[in-house]
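Dear colleague,

My notes on selected side-chain contacts and backbone features follow it.

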Amino acid sequence: MPPKKNHERTIESLRDKIDSIDDNLILLLAERAAYVKEVGIIKAKEFKDQSIIRPGREATMLRKIVNKAKGVFPEEGIAMIWRLIISASTTLEEKIALSVYSPEKDLKSGEYIGMVREYFGSFIPLKSRRRIKEILEDVKASKEIIGAIPFFNRRFGEKWFADLFENEGRYAFAILPFINFDPKKPLLLIGKVLPEATGSDISLFAIADNKFSNSALSKLLAEAGFSAQNCRTHASSKAIKKGFNLIEIFDFIRGDDERIVKLKAILQKKGGGRLYYVGSYATPLNNLGSR
């Protein structure tokens, strides 16, 4: 049976209220955009050689929004909506473009592009790159370009890490997917972007020499003052000409941290290679919508 006329009137009344809220949302977004443009003008004067993207603020903002939306709006939905608002707002401050690893024969290429599109939106220009070297060249050429590269994985080789940390000014600043992270297919975002602390972060360092086993390196980290629970190490393949060890530290750590300074001194005594800061990124939003 069709709904009664009084029900129809109620539905129409509710829809009118929804439409009114939508109109107000547009007005609020316009007001937000105006403030974003003002911030962009100020940041452009400060970030002349680097992107104005603020990865720490973006991650912190998303965490706050998700917490505020609990019980009110689906957490994963609000996180995705706000991520697109942030990305769209960034384009009001500065042009950005994407360079994404997506070789034709790799079955995950579509997933990589999908993860990047989910994070930045479909309105950001994107180039598919078959070789990691091309992405590094894109990022080196312009502060407006953000690269997306598979994280440490023997299947892809690790030479790109050596190329990245030998060129100062480019950092790893985020990991994808940021919403409901999947450890089986992570992507690192790299660019001329300064990493920022958020209170829950992972920092990456690399030793340009893979002479240490993971267990030996763990002992050196402990000697420098890091706890075993706070670090993870990876040794690159011995077949790689520019070998290295990658160190993940579950905290926001910069090169001038006293423990890093001590580790550099220890490595020097041991005849190890130079220690490089690769970057830092906020830990992803996990388990959204699963409760």
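Arg15 is partly exposed, its relative accessible area being 47%; here buried means under 20% relative accessible area, exposed over 50%, and partly exposed in between (1.4 Å probe, protein chains only). Its salt-bridge partner is Glu12, with the closest N and O atoms 3.4 Å apart. Glu12 is likewise partly exposed, at a relative accessible area of 43%. Both Glu12 and Arg15 belong to helix 1 (residues 5-46), where three residues, about one turn of the helix, separate them.

The model is a predicted one: local features need pLDDT of at least 70, side-chain atom pairs count only at pLDDT 80 or more, and totals for chains, interfaces and linings use all residues. Residues are numbered from 1 along each chain as its sequence is written, and side-chain values use heavy atoms, with hydrogens and water left out.

A salt bridge is taken as a side-chain nitrogen of Lys or Arg within 4 Å of a carboxyl oxygen of Asp or Glu. By this rule there are eight salt bridges. Helices (H or I, at least four residues) and strands (E, at least two) are DSSP runs, numbered from the N terminus.

Side chains of opposite charge can pair when their charged atoms come close. A salt bridge of this kind joins Glu93 and Lys43, at 3.1 Å from N to O. This pair connects distant parts of the chain, 50 residues apart, with Glu93 in helix 3 (residues 75-93) and Lys43 in helix 1. Lys43 is buried, with a relative accessible area of 11%.

Glu196 and Arg54 form a further salt bridge, with an N to O distance of 2.2 Å. Here too distant parts of the chain are linked, the two residues being 142 residues apart: Glu196 sits in the loop between strand 5 (187-191) and strand 6 (201-207), and Arg54 in the loop between helix 1 and helix 2 (55-69). Glu196 counts as buried at 19% relative accessibility, whereas Arg54, at 31%, counts as partly exposed.

Two backbone features remain to be reported. Most residues other than glycine have a negative phi, and most peptide bonds are trans. The peptide bond between Leu176 and Pro177, however, is cis, with omega about -5°. Pro177 lies in the loop between strand 4 (171-176) and strand 5. Asn180 is also found in the loop between strand 4 and strand 5. The phi of Asn180 is positive, near 55°, in a residue other than glycine, and Asn180 counts as partly exposed at 24% relative accessibility.

With kind regards
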